[in-house]
Amino acid sequence: MTQNTPLSSRLPLPSEDVTLRVRSAAQLRARGVSAAQTSAQCLPGGPWQQILPGVYLLHPGPPTGRERLQGALLYAGRPPVSARRAPARLAEPGYGPGQEDAYGEAMVTGVAALALYGFAAVGPLGALHRIDVLVPRTRRLRSARFVEVLRTAVMPRAVRVGEVPVAPVERALADAVAATAEAADVRRLLTEAVREGHCEPAAVVRELSEAELLGRPAVVGAVDALLAEGRAAAEARLYAMVREHGLPDPVWNVELRLPGGPRLGAVDAYWPDHAVAVELDARAPRYGVPARRRQAEEDPQWAAYAAKREQLERLGVTVVHLTPRKLREAADQQATVVRTALMAAADREPAAYVMVLPR
């Protein structure tokens, strides 16, 4: 090997993954590559290129979507200047155990995160011109080239998509909505999130509220569509639960009332022979109200739910209260709750006769 041999062929670089060849300056130094050697490799016509401050692509072609993603995390995850003298274990580039050391607390958010979650509305990762990366508010780090740095006072717990640290769907949605001006685009993102089962409407609305986005014109109508989509998805899961767990067929979406008396309210499913009703709690979430007040009499919607349930139970009707999240995450358990209520009907006093009307 002579002095004229390209440096890239003399460096002890891993060969197991040639498709993800992105390294930080700190990782190169840890492998014995000096700053001068790195700069020489990045000269015009050289085998390497600098794609972000302190981040290098170890081949001359354009970076792939995954390489841009890894570069963004390496850029945002580099330690502050005050901490760079401290010894640190630097992982090999690529997605594998220990890579979080190089990424620090940084995580992908916004549209890029939604692409990793498989959202059809955002398209493939490689087609994105921008990658949002979430970092703690205390980080003094500027956005650079294709990387948009977003700061937050409270970092969420990252979700691993493969080996990539990604913000939870709800937070990624809020960050994507914040950067989206078109109401139609916002609506597509929010409805897909619920329709495809990525998250529940309440969690999305909470994140939008905390980001102070609920008042935006592009968001107001989209939230209504989101809640309607969430309601439809919850009803579909309820139908599936009854069918898949062999429960008796109820009458669906009916109004109950006393003969010649007042209406008792609507329920989502009702078993007349057992006097058992199921009600989905798909209320619009209320934020900006202290948590202990949300289910008290100050919340008219919750008060109406509670009053209806109390009246039905005084008449001997058992009301099973289900949430969309319970149906999504624990359908087996919820089916057992309903089955138990149906079986217990034989041991209860007969319920008052109620009329069942189309809803």
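Here is a walk through the cores, the helices and the cysteines of this model.

The model is predicted, so local features need pLDDT of at least 70 and side-chain atom pairs count only at pLDDT 80 or more, while totals for chains, interfaces and linings use all residues. Residues are numbered from 1 along each chain as its sequence is written, and side-chain values use heavy atoms, with hydrogens and water left out.

Let's start inside. A nonpolar core here is a set of buried Ala, Val, Leu, Ile, Met, Phe, Trp, Tyr and Cys residues joined through side-chain atoms within 4.5 Å. Buried means under 20% relative accessible area, exposed over 50%, and partly exposed in between (1.4 Å probe, protein chains only). The largest nonpolar core has 58 residues, and the members touching the most others are Val108, Val133, Leu173, Leu190 and Leu208. A second, separate core has 17 residues, including Leu238, Val278, Ala335 and Val338. Take Val108: leaving aside neighbours within four places in sequence, its contacts (heavy atoms within 4.5 Å) include Leu69, Leu73, Ala113, Leu116 and Ile131.

Helices, by the way, are DSSP runs (H or I, at least four residues), numbered from the N terminus. Seven of the eight residues of α6 (residues 110-117) are buried, so the rest of the structure largely encloses this helix. Just after α6 comes Gly118, with a positive phi of about 95°.

Next up is α7, mostly covered too, with nine of its ten residues buried. Helix α7 (residues 169-178) packs against α9 (residues 201-210) at an angle of about 50°, the axes 9 Å apart. Axes are lines fitted to C-alpha atoms over the stretch in contact, with angles running from 0 to 180 degrees between N-to-C directions. The pair counts as oblique, because angles under 35 degrees are roughly parallel, over 145 roughly antiparallel, 65 to 115 roughly perpendicular, and the rest oblique. On the α7 side the contact is made by Glu170, Arg171, Leu173, Ala174 and Val177, and on the α9 side by Ala203, Val204, Glu207 and Leu208.

In helix α8 (residues 183-195) you'll find Asp185, partly exposed at 30% relative accessible area. Asp185 and Val122 are 63 residues apart in sequence, with their C-alpha atoms 9.2 Å apart in space.

Finally, the cysteines. The structure holds zero disulfides, a disulfide being a pair of cysteine sulfur atoms within 2.5 Å. Cys199 is buried at 1%, whereas Cys42 is partly exposed at 23%.

Methods: Helices (H or I, at least four residues) and strands (E, at least two) are DSSP runs, numbered from the N terminus.
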